[in-house]
Amino acid sequence: MVRSSVAINRALPGKIAAALVAAIVLGTLVAVALRAEAGRGLGPAEWSAIRFTVFQAVLSAAFSVLLAIPVARALARRRFYGRRLLISLLGAPFILPVIVAVMGLLAVFGRSGILNETLRALGLPEVSIYGLHGVVLAHVFFNLPLATRLVLQGWQDIPSERFRLAAQLGFGPRDIFRTLEAPMLARTLPGAAAIIFAICLSSFAVALTLGGGPRATTVELAIYQAFRFDFDLGRAALLSCVQIALVGAAALVALKLSNRDGFGTGLDRTVQRWDAQNTLLRALDTTTITFAALFLILPIALVILRGAPALTDLPTSVWSAALASLLIALASTILMLALALPIAIAAGTGRARLEAIGLLGIAASPLVIGTGLFIVINPIANPFALALPVTATVNAIMALPFALRIMVPAVRDTHANYDRLSTSLNLTGLSWLRLLLIPRLRPNLGFACGLTAAMSMGDLGVIALFADPQTATLPLQMYRLMGAYRMELASGAAVLLLALSFGIFWIFDKGGRAHADA
Amino acid sequence: MLTLDALTLTQDDFQLTADLTVATGSRTAIIGPSGAGKSTLLAAISGFLPPKHGHIRWQDTDLTQLPPGSRPIAMLFQDNNLFPHLTVAQNVGLGLRPNLRLTQNEQAKVAAALARVGLADMPDRKPAQLSGGQQSRVALARVLVQSRPLILLDEPFAALGPALKTDMLDLVAALLDETNATLLMVSHDPTDARRIANQTILVADGKAHPPQDTQTLLDSPPDALKAYLG
Amino acid sequence: MKYLSFAAGLFAATTAVAETPVLTVYTYDSFVSDWGPGPAVKAAFEETCNCELNLVGAGDGAALLARVKLEGARSDADVVLGLDTNLTAAAADSGLFAEHGQTVTVDVPNPFGAPGTWTDANFLPFDWGYFAFVYDNTKLDTAPTSFDELAASDLKIVIQDPRSSTPGLGLLLWVKEQYGDDAPKMWEALSDNIVTVTKGWSEAYGLFLEGEADMVLSYTTSPAYHIVAEEDQSKSAAAFDSHYMQIEVAGKLANTDQNELADQFLAFMVSDAFQTIIPTTNWMYPAVTPAAGVPDAFAAPVGPEQARLIAPADVPAIRDEALAEWSAALSQ
């Protein structure tokens with residue numbers, strides 16, 4: 001079998017990378033479980049935490065994905081000045097550190113936020129952000145950008161030739177939806193929903209702070225409690241297994257649903273849309289984009305407004321932490337590529353289930369991975385000396401599922417469209433990677449790298465478990481400022497963090513998309 | 001000589017048999033009803049579909065186990081013959097070296113091939129900046145630099161207009177004259193076959209029939225072909 | 001560049017064998033930060049000890065204990081600084097800590113016996129504070145003076161989750177200590193005052209400063225920060241009829257390879273040199289009042305007669321019961 005031998009060769013590095021990821025995630029879990037003394041297992045409190053976690057995650061994923069459809073559609077069929085910048089800006093909440101984002105949301109929706117101030121001024125009853133709806137609102141705030149980007153990517157993956165054909169056939173928006181957009185959504189949405197479900201599954205601080213109390217207990221908080229309140233490592237490992245099982249189930253369902261044929265290929269022409277030019281739809285899209293932009297950007301703008309004055313007062317230790325964070329972010333990005341590219345190639349070559357292994361990254365609790373790594377590393381080396389490499393590795397693994405979701409469909413399309421031609425030209429091995437796959441994947445790679453670097457910048461992650469006074473990342477330094485009452489300086493550090501996260505994301509993302517203009 | 005020796009091809013429920021030879025230097029059209037297996041036959045010869053039984057030989061070499069890129073074959077598909085992210089020159093250069101690390105001599109060959117197909121002045125364009133006919137010419141330039149003895153065309157010009165298609169077929173014929181390559185060409189248009197192919201393989205009813213003289217076959221078609229020609 | 005020196009330090013730590021003895025002290029993260037007592041403590045101790053003091057931050061107090069338990073006998077730590085009396089029973093049970101063998105007269109209220117005595121054989125205190133609700137005195141004229149008054153009012157409070165936060169656990173035990181079997185009722189009464197529950201102290205205090213709540217659970221010493229560091233008189237701690245204490249302690253690990261140095265550090269910890277650093281870096285009361293006293297801003301709004309504490313040995317059992325009650329009452 002000529003074809004499959006090539007396929008096996010292409011899948012092998014991916015299998016190795018996937019095995020490595022599984023070894024780190026599951027190995028640390030086993031390490032924690034083995035270290036456990038007799039615990040009390042899962043009680044009613046844990047089961048109710050599991051129920052709440054799944055419930056809020058389903059709601060959050062559903063709302064994020066459903067709201068992303070009109071936003072992505074509006075962005076896909078409108079061309080306006082600053083559109084690219086807006087699309088990048090809309091990604092900002094996703095890469096924000098949790099505490100910063102929560103502060104931003106509260107500045108808008110909180111008890112003394114601008115929404116309630118306005119309602120008070122108008123003599124209207126106030127609204128409370130605290131409760132399940134607040135949790136969902138915050139998760140939509142975090143994940144709508146990701147959902148929008150994934151769905152928008154789906155829209156952009158429909159070759160412009162198809163829209164041209166549709167325009168030629170006199171299709172209206174409804175016909176276009178039925179023949180082009182609905183199949184694309186059916187292919188894109190399950191994956192996007194699964195990934196957001198998985199993210200929200202491991203939510204902790206957001207769910208607790210906005211959930212308003214113990215009724216909003218998530219599995220991650222239960223893990224935290226098992227660790228530090230009861231030192232019940234067995235229960236922590238058990239809960240981590242539950243989390244992995246839930247994410248795994250969601251991933252398999254999503255992969256099954258989204259494993260459909262692509263749209264074939266076009267000639268990379270700039271997509272032009274001839275439909276939806278009537279005034280009503282134009283107004284609808286404008287309103288959608290405006291609301292999404294307000295919802296996503298306003299809280300961040302308030303964070304910036306609040307913190308910017310403190311920027312010049314930041315002590316040098318914050319700047320050196322920023323440098324450390326940048327280096328970790330770059331290291332994470334390189335590691336992510338080394339893991340994600342082989343897995344994406346293998347997953348796009350028919351081993352679709354490999355992508356599910358990547359999802360382990362969000363399924364796994366950072367606390368469990370961190371503790372597991374600690375248990376594994378401690379006998380052979382000083383964990384503190386390895387704080388930065390360990391943080392970079394864990395951040396890379398955490399970003400893996402997003403990178404894969406971004407890359408796998410593009411790999412699959414490249415295979416579907418160019419396999420015969422490249423095979424007939426003997427374009428194999430490194431040449432295939434260099435001349436075909438990487439150029440075809442460039443926008444996806446740029447997006448994935450940007451996301452990884454930015455997430456790594458903003459992640460408090462496992463560094464807190466390993467830090468000594470000199471090894472601080474920017475988020476950790478920000479928390480230290482808060483812990484020392486320096487809320488003003490902390491908000492300045494938050495702005496710096498935001499600027500760096502966004503800047504690094506912008507550079508990678510723009511680098512990836514640069515050729516599309518050529 | 002291309003030999004299809006007691007060949008059985010299967011794809012899902014579909015089965016096609018072929019037991020025939022094609023002479024070196026001949027130009028052979030493959031015609032038959034839609035879905036009869038014309039492209040399947042070409043896929044097997046080019047190595048994309050491993051046969052269930054039988055052998056494919058070129059001269060004295062058994063090709064059956066060779067990967068597509070190692071066969072003495074240059075092929076153009078119905079679509080996706082060019083990589084949209086590579087320039088015209090790069091697309092052609094791939095025919096010489098898949099890693100595109102071309103020597104000066106090879107670069108000269110690419111330039112010459114582009115000149116031969118009339119695209120000397122646009123080596124740096126991307127496919128999207130070319131017309132359909134120009135894209136076909138780029139693909140043909142690559143076939144030219146590949147200088148393989150066997151050329152397979154799976155209706156690459158089907159999307160072009162009649163005049164343009166005629167131009168392309170004439171260009172193919174001219175190139176064949178220069179290289180003495182053997183041509184196998186799928187077509188659903190009898191005039192294409194008459195224009196370029198001296199002999200024709202009829203694919204119908206699960207069988208690829210040995211090549212016959214094109215004029216004779218088309219002038220007095222058997223029943224299966226008659227139904228198709230209408 | 002600090003980062004470069006850090007990299008060099010890493011290199012040195014992994015390759016070279018230090019010539020001067022190194023005392024490794026695990027502590028909570030905010031202790032080692034630039035704004036905590038860490039840098040000054042390190043400088044002061046190294047002046048006298050002819051050694052290197054290696055302060056290592058590991059999360060907060062509870063994470064600190066988990067860390068030491070994980071490392072077990074292999075731990076590099078010689079001293080653990082930053083547990084509180086809610087954790088000392090569990091820490092002593094682990095068998096990882098040695099007795100300190102020191103006698104010291106402390107200035108920590110003692111609800112169980114004579115003032116000034118310290119009886120824990122494993123752990124010595126280095127600072128302490130009263131948990132209290134902090135409010136903005138420009139917005140709130142009269143603060144409640146008890147949980148009952150608070151529960152009866154419309155005031156909104158932010159508290160911390162006892163499962164993830166030391167002050168959160170302090171509040172849980174405060175209510176349990178004062179109300180006993182009626183604690184669930186008090187939590188139910190308080191539930192409409194609680195805006196939300198946060199993961200840690202920082203988040204809660206941040207929400208309070210942003211105006212999300214009228215009061216936040218913190219310490220009676222919190223206003224001192226605003227007065228001393230920001231010259232801001234607007235924050236006050238509400239004086240209740242009782243105040244649960246947090247007493248922060250340090251202990252020597254049984255398997256230390258720097259036994260004498262560890263003893264020396266514990267003695268240094270209760271000396272003037274260390275204790276003068278504490279108030280304006282850790283914003284807590286020093287365990288032994290230094291000769292120079294403490295800044296006026298630290299004048300306590302409550303006296304030792306209001307001090308409450310659950311005996312460390314009783315904490316583990318009471319804690320689980322109180323958590324179940326808290327969780328049930330606030331989940332309704």
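This is a predicted model: local features need pLDDT of at least 70, side-chain atom pairs count only at pLDDT 80 or more; totals for chains, interfaces and linings use all residues.

Colleague: Where do the bounds of domain 1 and domain 2 of chain C fall?

Modeller: Domain 1 of chain C covers 13-128 + 246-298. Domain 2 of chain C covers 129-244 + 303-331.

Colleague: How many residues of each are in contact?

Modeller: 22 residues of domain 1 of chain C contact 22 residues of domain 2 of chain C.

Colleague: Which helices of chain C supply at least two residues of the domain 1 side?

Modeller: Helix H4 (61-71) and helix H5 (88-93) of chain C each do. The largest share of that side comes from H5(C), with three residues.

Colleague: And by class, what does the domain 1 side have?

Modeller: 14 nonpolar, six polar and two charged residues.

Colleague: Switching topic. How many residues does the contact take from chain A and from chain C?

Modeller: 53 residues from chain A and 50 residues from chain C.

Colleague: Which helices of chain A each supply at least two residues of the side touching chain C?

Modeller: Among them are helix H4 (98-109), helix H9 (205-211), helix H10 (219-229) and helix H13 (316-348) of chain A. Helix H15 (366-377), helix H18 (463-466) and helix H19 (474-483) of chain A also belong on that list.

Colleague: Which has the largest share?

Modeller: H10(A), with six residues of the side of chain A that touches chain C.

Colleague: How do the residues of that side of chain A divide?

Modeller: Into 33 nonpolar, 14 polar and six charged.

Notes: Residues are numbered from 1 along each chain as its sequence is written. Chains are lettered from A and ligands numbered from 1 in the order in which they are written. Two residues are in contact if their C-beta atoms, placed from the backbone, lie within 7 Å. Helices (H or I, at least four residues) and strands (E, at least two) are DSSP runs, numbered from the N terminus. Ala, Val, Leu, Ile, Met, Phe, Trp, Tyr, Cys and Pro count as nonpolar, Asp, Glu, Lys and Arg as charged, and the others, Gly among them, as polar. Domain bounds come from an automatic or database domain assignment.
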